[in-house]
Amino acid sequence: KVIGGNRNMLEPLYEKTIQKKKSIKKYFDNIQDNIDIEKVKKSYHEQEFTKENQDKIFAAIDGSFNKTKFMACFIYAIESQTIISIPDEGIKKESPSGDIDMVSTIRSRTIDSILSQHMNILELKSTIDTLQKYPEIDYMLMDGSIRGTLMNYSTNFELPSLITRYLNSKIKEIVPILEKGSFPIEVTTNTLTEEILYEVRLSLEKNNPEIDINEIRSEVLRYFEGLEQLTCINYLLEHYKEKIICISKTSSTKDFFNENIPDAAVLEYTCENPGYTYLDHKEDNRLVRYDSENEIIRRTNYPIYPELSDNTFTIFFTRLDKRANVLKIEIPNKIDKNDTEKIEEILNDLHSTCINGYPYILKKAHDEVIIKNTDMNNIINKLEVFEKTGRDMLK
């Protein structure tokens, strides 16, 4: 009912809800009818996972970021931390790291990508730090996908070749720091910003005077951040890939069943019992460049670390308990497709640390590290920033 001429602004949406209710409900009711269920079930091996008592040492890593937008800049906070679970000793926190800084609102379109990359670098360094300190760890659980991070690596940089050669050389300085251990868990790009920009400016003045450093400043730093991320991934895979298990709660890939919905959704609607799919090997992980019509024009290796293209990833889906969430598992190692004993050993070990079909330690890592809006408000207050956000009149 409209009172005093004040129209409820949600009325059009409520009207559309009534109009669309039948068709949307029909879509969900008919999902199973549009899936080749027999084909899916042939690819899914039902297996009861019965290991209840954890006898392996697990670690898990997660990170978080949040931001507050002001007229001139974002103030952001980033955090990462590992959790270690040792049988009969409980859970403890390790390798914490965090940062607070600013980014100009000129970069509003890429802010989430920037902060996500910073967070991932901290996660990778926290992971390396923990694995160095605790060589007895059996499994390191990571939320998400290392291969996904690699395949989404940005190649859209148009920097002068002298600049990229300098940056490629500069990033190698962090390798012995990682090797030595007990390194600062931070985004090296941030700590070296002034030094990097100084060297780049000198190079431009000498070799490319037509280019203003302010025009390529952000591109230089993003390129170096990408190299730092690759360096951490390469170190992790060189030294610890046999311990790593990447676990995704959501996935939009459709490589397994090639249905009209993602593979994880296919399993959600067809296979309710615990088990796992066949194993898929991703062996050619070179970067792909596409043309305007999304056709592959060429594949390229990663800068500095061409060996990253040759890593084999074993990928499959699983349910660890009946009707539990479907999980996508990625192991940065090649496991023989017929080695069911190895896969079931891994899944039974995972089951021993699960609550409701999801590893408790991974959930604990997420809960410990998440930065809430209330946390950001407290940070802003402690910084004594009382600037306009541009949306003040809407409050």
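Is Glu195 buried, partly exposed or exposed, and what is the relative accessibility of Glu195?

## Glu195 and the salt bridges of Lys170

In this predicted model, Glu195 has a relative accessibility of 36% and therefore counts as partly exposed. The side chain of Glu195 meets that of Lys170 in a salt bridge, with an N to O distance of 2.3 Å. This pair links distant parts of the chain, since Glu195 belongs to helix H8 (residues 193–207) and Lys170 to helix H5 (residues 161–171), 25 residues apart.

Lys170 also forms a salt bridge with Glu173, where the closest N and O atoms are 3.1 Å apart. Lys170 itself is buried, because its relative accessible area of 8% falls under 20%, whereas Glu173, at 44% relative accessibility, counts as partly exposed.

## Other salt bridges

The structure holds 24 salt bridges. Glu368 is partly exposed, its relative accessible area being 25%.

A network of salt bridges links Lys51, Asp55, Lys56, Glu345 and Asp349.

## The largest pocket

The largest pocket has a volume of about 1,200 Å³, and its lining is made by 48 residues, of which Ser116, Gly148, Thr149, Asn152 and Tyr153 lie nearest its centre. The elements that give two or more residues to this lining are strands E2 (58–69), E5 (139–143), E6 (244–248) and E12 (327–331), together with helices H3 (111–133), H4 (146–151) and H9 (213–240). Helix H3 gives the most to the lining, with eight residues.

Glu79 is located in strand E3 (residues 73–86) and, at 29% relative accessibility, counts as partly exposed. When neighbours within four places in sequence are left aside, Glu79 is in contact with Asp62, Gly63, Ser64, Ser97, Gly98, Met119, Val369 and Ile371. The C-alpha atoms of Glu79 and Val187 are separated by 11 Å, although these two residues are 108 residues apart along the chain.

Val385 lies in the segment after helix H13 (373–383), and, not counting residues up to four places away in sequence, Val385 touches Phe70, Ile75 and Ile380. Between the C-alpha atoms of Val385 and Leu320, which are 65 residues apart along the chain, the separation is 47 Å.

Thr312 is found in the loop between strand E10 (296–300) and strand E11 (313–319). With a relative accessible area of 16%, which is under the 20% limit, Thr312 is classed as buried. Beyond its neighbours within four places in sequence, Thr312 is in contact with His281, Lys282 and Glu283, and also with Ile331, Pro332, Asn333 and Lys334.

Leu10, in the segment before helix H1 (11–29), is partly exposed, with a relative accessible area of 39%. Together with Leu13 and Tyr14, Leu10 makes a nonpolar surface patch of about 310 Å².

Terms used:
Residues are numbered from 1 along each chain as its sequence is written. This is a predicted model: local features need pLDDT of at least 70, side-chain atom pairs count only at pLDDT 80 or more; totals for chains, interfaces and linings use all residues. Side-chain values use heavy atoms; hydrogens and water are left out. Patches are made of residues with over 30% relative accessible area and no salt bridge: like charges are joined within 9 Å, nonpolar side chains (Val, Leu, Ile, Met, Phe, Trp, Tyr) within 5 Å. Accessible areas come from the Shrake-Rupley method with a 1.4 Å probe; for residues, only the protein chains shown count as cover. A salt bridge is a side-chain nitrogen of Lys or Arg within 4 Å of a carboxyl oxygen of Asp or Glu. Helices (H or I, at least four residues) and strands (E, at least two) are DSSP runs, numbered from the N terminus. Buried means under 20% relative accessible area, exposed over 50%, partly exposed in between (1.4 Å probe, protein chains only). Contact means heavy atoms within 4.5 Å. On a 1 Å grid over the protein atoms alone, a cavity is a set of points where a 1.4 Å probe fits but cannot get out, and a pocket is an open set with protein on both sides within 12 Å along at least five of seven lines; lining residues have an atom within 4 Å of a point. Grid points are joined across faces, edges and corners, and a volume is the space filled by probe spheres set on the points.
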